Amino acid sequence: MKKILLALTLVFALSSSAFAANTETEPNDTFEMANTLEINSSILGQGESGDWDTFVFVANQTGKMKTNLTNKNQSVVPYVVLASDKTTSLAETSGEAEFDVVAGETYYIRLWSIGKSDYTLSLNNL
């Protein structure tokens with residue numbers, strides 16, 4: 001019986017870690033310090049008042065992508081998806097956005113916080 005419980009515990013631990021989301025790391029206030037956001041995944045973060053969180057990704061295909069931001073206390077305000085030139089806005093939203101990308105190009109997502117809030121940011125191919 002102990003062997004079965006041990007085996008089940010091990011299977012649960014391995015399977016739950018496989019589904020765990022990535023976590024934002026500070027500092028990531030600038031483009032140079034941006035956290036990598038994997039495509040078709042989510043990242044957990046925490047906004048602080050006056051804090052920028054910056055993420056970077058490279059498009060793996062040409063076409064449409066979608067981001068979604070859910071934030072617990074609604075303190076992470078509209079975020080921007082930027083092209084590789086870091087000035088061209090592809091989308092501005094506080095929740096969900098779709099935008100066009102080109103395979104191999106670099107893109108940035110920036111979030112601005114007006115208060116403390118936990119959030120989840122996801123990025124997916126469409």
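## Strand 5 and its two partners

In this predicted model, strand 5 and strand 10 (residues 117-125) lie antiparallel to one another and are joined over seven bridges. Within this pairing, Lys66 stands opposite Asn124 of strand 10. Strand 5 (residues 63-71) is also joined, again in the antiparallel sense, to strand 8 (residues 96-101), here through six bridges, and in that pairing Lys64 faces Asp100 of strand 8.

Two salt bridges are found when the whole structure is searched. One of them is formed by Lys64 and Asp100, whose closest N and O atoms are 3.2 Å apart; this pair links distant parts of the chain, since Lys64 belongs to strand 5 and Asp100 to strand 8, 36 residues apart. Another salt bridge brings together the side chains of Lys66 and Glu96, with an N to O distance of 3.4 Å, and this pair likewise connects strand 5 with strand 8, its members being 30 residues apart in the chain.

As for accessibility, Lys64 is partly exposed, with a relative accessible area of 38%. Lys66, at 25% relative accessibility, also counts as partly exposed, and so does Glu96, for which the value is 47%.

An open sheet of five strands is arranged in the order 2-4-9-6-7, and its pairing is mixed. Its edges are formed by strand 2 (35-36) and strand 7 (89-93), each of which pairs on one side only. Inside this order, strand 6 and strand 9 (residues 106-113) pair in the antiparallel sense over five bridges, with Val76 standing opposite Ser113 of strand 9.

Ser75 is placed in the loop between strand 5 and strand 6 (76-82). Ser75 counts as buried because its relative accessible area, 12%, is under the 20% cut-off. When neighbours within four places in sequence are left aside, the contacts of Ser75 are with Trp112, Ser113, Ile114, Gly115, Lys116 and Ser117.

## Confidence of the prediction

The pLDDT of the protein averages 86, and 83% of the residues score at least 70. Over residues 4-19, however, the pLDDT is below 50, and this stretch has zero contacts in the model beyond near neighbours in sequence. Where pLDDT is low, the predicted coordinates should not be read in detail.

Note on methods: Residues numbered from 1 in each chain as written. Predicted model: local features only at pLDDT ≥ 70, side-chain atom pairs only at ≥ 80, totals over all residues. Heavy atoms only, no water. Pairing = 2+ DSSP bridges. Helix = DSSP H or I, 4+ residues; strand = E, 2+ residues; numbered from the N terminus. Buried < 20%, exposed > 50% of the residue type's maximum accessible area, 1.4 Å probe, protein only. Contact = heavy atoms within 4.5 Å. pLDDT = per-residue confidence, 0-100. Salt bridge = Lys/Arg side-chain N within 4 Å of Asp/Glu carboxyl O.
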